[in-house]
Amino acid sequence: MALQNPGRRGFLKNGMTAALGAAALPLIAPARGLADSALLEMEQEASGKSAGAALVKLDFDRRIGEIDRNIYGSFIEELGRCIYGGVYDPGSPLSDSNGYRKDVMRAIEDLHVTVLRWPGGNFASGYTWKDGIGPKDQRPRRWDTAWQETDPNQFGTDEFLRYCEKLKVEPYITVNMGTGTMQEAADWVEYCNATTDTSWANERRKNGHPEPYNVKFWGLGNEVYGSWQAGHKDANQYAADALEFAKMMRWVDPTIKLVAVCDNSVDWNVPVLEKLVDIVDYASVHHYGGSLDTAKEILDSYFFERQLQAMEGLLTAMMGRRRNKEPIAIAADEWNIWFRSWFKRGDPHKLEETYNLRDALWVASSLNIFHRMCRSVKLANLAQLVNVIAPIMTNEKGLVLQTTYFPFQLYAEHSGNVALDAFVRSDTFPKMPHVPYIDVSATTDDKNGKLTLAIVNRHPTADIAVDIEIEGFRPRASGVVFEVNGPNLDATNTFDSPNNVKTVRRGFSGAGANFRRKCAAHSLQVLLLERA
Ligand code: AHR
């Protein structure tokens with residue numbers, strides 16, 4: 001299927017086949033649709049080619065809709081050094097009395113993350129949540145079949161939810177629809193949310209949290225369509241089971257929001273959504289992209305947008321069957337670049353991807369997509385947050401912020417809550433007339449009091465002049481610009497050299513109804529302007 005996830009493909013190739021031997025090969029998911037030969041033809045990317053001026057037109061009457069701040073979510077999984085040695089490191093001088101790394105918490109706060117998904121991912125499909133509560137010295141150590149490592153069960157439900165409380169982020173829990181039962185899922189909702197005098201709610205009280213945690217977001221399993229998942233099911237099996245899980249969980253707490261597992265295939269999505277149309281609030285989409293070639297990586301942004309548009313179309317088509325008037329929204333609850341670092345049994349540093357500036361521009365473009373599609377994309381989780389395919393990397397002495405940290409931070413901190421429909425005219429990548437160098441999103445607030453304009457120049461070598469024309473809003477002449485850039489697209493931040501790619505903040509003047517900005521090659525510029 002055209003939008004097949006290369007991360008999972010790699011995972012299957014390198015993880016499953018290593019673990020299960022050649023017999024696993026027939027299970028490998030099909031390659032992504034654009035034939036490799038076509039992709040190869042695009043390899044003559046634009047280096048050396050200049051680009052003409054671009055045009056961005058904004059009209060403050062042309063609003064797309066409200067941006068849900070839950071799109072600035074992220075994800076922590078019991079995998080490699082994400083939680084143990086990342087988020088949670090009880091022996092470390094850098095940790096607080098709960099074992100949470102204080103430097104990591106500060107970096108997450110500065111990132112302005114709004115939602116945190118846990119415990120997986122693939123891990124969720126084998127997780128027994130009841131192992132992870134109560135006195136820590138009595139919790140069992142379990143073998144995690146998903147990532148083939150020991151789970152010490154020291155970071156469980158209370159540790160996760162208290163972490164969310166401290167960070168003031170909304171928790172999002174994925175229940176085990178692989179090896180788990182609907183009763184366990186319902187018990188989990190009771191443990192987290194119930195105020196009743198019943199055993200699991202009382203267990204929570206006994207464990208030191210008298211008030212309910214009020215966990216709003218619950219995922220009905222993870223990637224159940226994939227052979228790499230414990231308890232993999234076909235669409236009809238999943239739909240039937242998910243309906244029963246959903247009923248049981250809602251009968252404990254009718255207010256929870258439920259996320260159905262969807263895929264890039266209508267063969268999966270149609271039967272699943274037909275069955276779950278009246279009970280779920282979100283349909284999940286996962287997307288992992290990435291390439292060392294700029295044109296291919298940027299083309300992947302185009303695929304991501306098409307993938308989300310395809311899901312939006314399907315959800316619109318489903319609306320006729322839905323009694324609930326609220327449309328089902330899209331939860332892009334795993335998205336990132338992931339193609340270099342696979343899973344090897346025995347390796348503690350699983351999925352430790354080093355991100356470059358190219359990847360940071362892809363992240364900026366993805367956030368532009370979420371803004372442009374704000375009517376349907378209402379929840380999103382950058383996968384993941386710490387050490388594992390993550391913007392934040394730790395060692396025992398401190399942390400480093402990867403390139404992808406900076407665009408995410410700028411969007412999450414400075415975007416307005418209303419997306420504007422920006423018209424963009426820009427030269428395009430060679431052989432990709434549908435993929436412009438300049439990629440934009442524009443946001444304002446309820447009162448049209450400000451403009452946040454994010455401009456990504458994806459040209460690998462050329463600065464591009466961007467003419468900006470604004471109707472219905474006259475900005476003050478002076479504003480603030482944040483620029484994310486580095487020496488070249490391959491630039492990375494590492495412990496030895498942590499500041500190659502960073503955000504630079506400057507004041508600028510000359511803004512008005514019509515003005516021009518020079519956007520440096522391979523950069524993100526976020527302009528903040530206030531109404532005059
Ligand atoms: O984020 C890494 C893995 O990618 C997740 O565990 C899984 O859901 C996906 O395949």
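This is a predicted model: local features need pLDDT of at least 70, side-chain atom pairs count only at pLDDT 80 or more; totals for chains, interfaces and linings use all residues.

Me: In which sense do strand S9 and S10 pair?

Reply: Residues are numbered from 1 along each chain as its sequence is written, and side-chain values use heavy atoms, with hydrogens and water left out. Strands (E, at least two residues) and helices (H or I, at least four) are DSSP runs numbered from the N terminus, and two strands pair if DSSP finds at least two bridges between them. Strand S9 (residues 257–260) and S10 are joined by two bridges, and the sense is parallel.

Me: And over how many bridges do S10 and strand S11 pair?

Reply: S11 covers residues 329–337 and pairs with S10 in the parallel sense. Within S11, Ala-331 is the bridge partner of Ser-284. The number of bridges between S10 and S11 is seven.

Me: How many residues of strand S10 are buried?

Reply: Buried means under 20% relative accessible area, with exposed over 50% and partly exposed in between (1.4 Å probe, protein chains only). Tyr-282, Ser-284, His-286 and Tyr-288 point one way from S10, while Ala-283, Val-285, His-287 and Gly-289 point the other way, and all are buried. S10 (residues 282–289) is largely enclosed by the rest of the structure, because the buried count is eight of the eight.

Me: Which strands stand at the edges of the open sheet of four strands?

Reply: The order in this open sheet is S16-S1-S21-S24, with mixed pairing. Each edge strand has a single partner strand, so one side of each is left without a neighbour in the sheet; the two are S16 (423–425) and S24 (514–519).

Me: Which residue of S21 is the bridge partner of Lys-57?

Reply: Strand S1 (residues 54–59) and strand S21 (residues 464–471) pair in the parallel sense over six bridges. The bridge partner of Lys-57 in S21 is Glu-469.

Me: Now the helices: at roughly what angle do the axes of H3 and H11 cross?

Reply: Axes are lines fitted to C-alpha atoms, for helices over the stretch in contact, and angles run from 0 to 180 degrees between N-to-C directions. Angles under 35 degrees count as roughly parallel, over 145 as roughly antiparallel, 65 to 115 as roughly perpendicular and the rest as oblique, and H3 and H11 are therefore oblique to each other. The axes of H3 (residues 102–111) and H11 (residues 405–414) come within 8 Å, and the crossing angle is roughly 55 degrees.
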